[in-house]
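Open the model in your viewer and keep the selection tool at hand. We will go stop by stop.

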Amino acid sequence: LSASPGIMSSWLVPRLPRLVAVHPELELTLQSGSSLVNFAREPVDAGLRYGRGEWPGLHSERLFGEWIAPVAAPELIAQMGDADPCDLSCWPLLGEPASSTRWRDWFDHHGGTQPQRYVAQFDSLDALRHAALEGLGVALGRMVTSKSLIDAGRLQVLGDNYLPVAEAYWLVYPPRSLEHRGLQVFREWLLAEADDFCRQLPGMSRCGAVED
């Protein structure tokens with residue numbers, strides 16, 4: 001199974017003990033990376049991907065959507081004192097990779113002015129997350145991959161200004177994997193876990209299979 005480091009470490013791996021408990025016969029090989037797997041050339045049976053489900057030649061099943069919201073470490077929030085968490089004009093903001101439009105989308109939706117200068121600019125979402133955890137500034141966090149950090153109190157959402165994004169998380173696999181018994185067992189477990197996760201967060205839902 002191939003997946004990006006974010007969804008693998010924050011969402012999938014914490015749930016794997018439940019899979020092993022009910023299906024000890026399965027043998028998993030996990031491949032973590034940000035590049036897309038070429039199923040025609042690599043011995044990978046399936047992948048977890050973030051996008052819009054548009055991968056020609058693959059079976060794509062939507063797991064759940066994603067929301068973004070400003071998040072900051074409790075230490076930074078304490079330092080800011082009485083600063084309005086719904087007005088980010090006076091908060092130190094952390095910039096995203098140059099290709100990202102998420103801050104612009106967030107300001108367009110919730111109002112306010114995008115800053116001329118960020119406290120720091122990052123080309124890696126992993127580095128950006130660590131900077132937010134260290135209290136350097138406010139990041140736009142993905143709620144799915146940030147939920148465990150929020151639940152643990154290491155990050156807090158500022159205000160109540162969530163923004164749904166067009167991308168979602170998908171299980172994808174090539175037609176050859178339809179005959180893979182182990183993958184089909186994993187697929188059924190994964191979809192059940194996705195449904196349970198969606199029930200924990202109001203407004204989230206999972207759609208049926210979409211074949212591209």
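Start with Cys198, which counts as buried because its relative accessibility is 7%. Keep in mind that this is a predicted model.

Now widen the selection to helix H7, residues 181-200. Its 20 residues should span 28 Å at 1.5 Å a residue, and its end C-alpha atoms are 29 Å apart, which agrees. Colour the buried residues of H7: Cys198 is one of them, and the others include Leu183, Phe186, Trp189 and Phe197.

Next, select Cys90. This residue is partly exposed, at 47% relative accessible area. Its sulfur is 11 Å from the closest cysteine sulfur, in Cys86, too far for a bond. The model's disulfide count is zero.

Move on to the largest pocket, with about 760 Å³ of space. Of its 39 lining residues, Ser4, Gly6, Leu125, Arg129 and Arg142 lie nearest the centre. Strand S1 (2-3), H1, S3, helix H5 (125-133), strand S7 (139-142) and H6 each give two or more residues to the lining. H5 gives the most, seven. By class, the lining has 18 nonpolar, 15 polar and six charged residues.

Last stop: the second largest pocket, about 360 Å³. Leu1, Glu27, Leu28, Thr29 and Asp45 are the closest to its centre, out of 15 lining residues. H7 returns here with the largest share of the lining, three residues. The lining has eight nonpolar, four polar and three charged residues.

Terms used:
Residues numbered from 1 in each chain as written. Predicted model: local features only at pLDDT ≥ 70, side-chain atom pairs only at ≥ 80, totals over all residues. Heavy atoms only, no water. Helix = DSSP H or I, 4+ residues; strand = E, 2+ residues; numbered from the N terminus. Expected span 1.5 Å × (residues − 1). Buried < 20%, exposed > 50% of the residue type's maximum accessible area, 1.4 Å probe, protein only. Disulfide = S-S within 2.5 Å. 1 Å grid on protein atoms, 1.4 Å probe; cavity = no way out; pocket = protein on both sides within 12 Å on 5 of 7 lines; lining within 4 Å. Points joined across faces, edges and corners; volume = space filled by probe spheres on them. Nonpolar A, V, L, I, M, F, W, Y, C, P; charged D, E, K, R; others polar.
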